[in-house]
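Hello,

Here is the structure we discussed. Please look it over, then read the notes below.

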Amino acid sequence: SQVGFEEESQNPPAVGHWKPLMPSKGDKEEPGGGCQDAGGADEPQSTEQLNVSRLRSSSVEIREKGSEFLRDELHKAQKELKLKDKECERLSKVREQLEQELEELTASLFEEAHKMVREANTKQAAAEKQLREARGKIDMLQAEVTALKTLVITSTPSSPNRELHPQLQSPSKAGFRKGHGRNKSTSSAMVSAASQNVAPEPVSRECKEVDSILFAEFQAWKESPTLDKSCSFLDRIYREDVGPCLDFTKQELSELVRVAVEQNTLTIEPVASQTVPVGNVAAEECGGPKKCALSGLPRTCKHRIMLGDSGNYYYISPSCRARITAVCNFFTYIRYIQQGLVRQDVELMYWEVMRLRREMSLAKLGFYPSEM
């Protein structure tokens, strides 16, 4: 519509040519010419009115089309504005959600940080407490190690220390000394025993010859001492000495005794003047003063054993006590070697181990000192 309006404005409507009222020179007057001129003047006037009315109708049409076009554009702009509003509202909700999540995350992080700090403080306090306790135990263990070193150094194969080997003591001197697994708080007794001068006992001269295989196995074990019986040194001793020595008639109890000896939790105590406390009346008493719990034979039992802290006592005969004591002495000595408490030549340590093996062999064959 705008293009048509521009074309019409550029091309104005044709208007009739006006004829001159006065005839030019040389023209001849014709009769009746005035009436023709009057009729010709009305025709251009009607044409001009027609063009003006056409022009007015075109402008009205252009205005209507223009207003319609503007209304369409206005509707489009309103729709786009509504879409923009919706998008802004959505983005605003997203921003609020992100801000809320950020606040929750920050709060959880602070809470976690405070929790970690509390746990760290608790662990630090517990660690400091354990450190203080460990230092106290170290001081106590150092005193015990010093006492044990003194005892071990004074014991040699030719002159064993009777305090280190309680099976060599008479019952009157032994008193109520607890056996294997109850020497954890006897450092004062060890120190007092070490301060005494133990006179060497005369021993008979005997010929000895080192077995190359046994000595090689002991040397290999001595380089890295362990209580694992899978090594060749301990495996042989378990098969040849420890196993047969602790093999009693009561197989189930024998296995419990062997485990207690290995774990250093076995207690041997005399029963001659021992009375059972009132609180332990209900404790299990296997065997009896006249029957051995390990062999099942009627024997006079002067000692009884307890496995760990179970509170159950088992009466044993002198022969069974000698066998258990021999194995306990062997394990005690190799534990001293493992802990670095024995400061002797390798060959002297080897012969001490052989002496302990001989004691186990004699005990399992039924030989034991008369004072047992």
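Angles under 35 degrees count as roughly parallel, over 145 as roughly antiparallel, 65 to 115 as roughly perpendicular, and the rest as oblique. Axes are lines fitted to C-alpha atoms, for helices over the stretch in contact, with angles from 0 to 180 degrees between N-to-C directions.

This is a predicted model: local features need pLDDT of at least 70, side-chain atom pairs need 80 or more, and totals for chains, interfaces and linings use all residues. Numbering starts from 1 along each chain as its sequence is written, and side-chain values use heavy atoms, without hydrogens and water.

The helix pair: the axes of helix 6 (residues 232-245) and helix 9 (residues 346-364) come within 8 Å and cross at roughly 30 degrees. The two helices are therefore roughly parallel to each other. Contact means heavy atoms within 4.5 Å. On helix 6, the residues that meet helix 9 include Phe233, Arg236 and Ile237. Their partners on helix 9 include Val353, Arg357 and Met360.

Overall, the chain has 9 helices and 4 strands. These are DSSP runs, numbered from the N terminus: helices are H or I with at least four residues, strands E with at least two.

Now strand 1 (residues 266-270). Here 5 of the 5 residues are buried, so the strand is largely enclosed by the rest of the structure. Buried means under 20% relative accessible area, exposed over 50%, partly exposed in between (1.4 Å probe, protein chains only). Leu266, Ile268 and Pro270 lie on one side, Thr267 and Glu269 on the other.

Across the chain, 28% of the 372 residues are buried.

Best wishes
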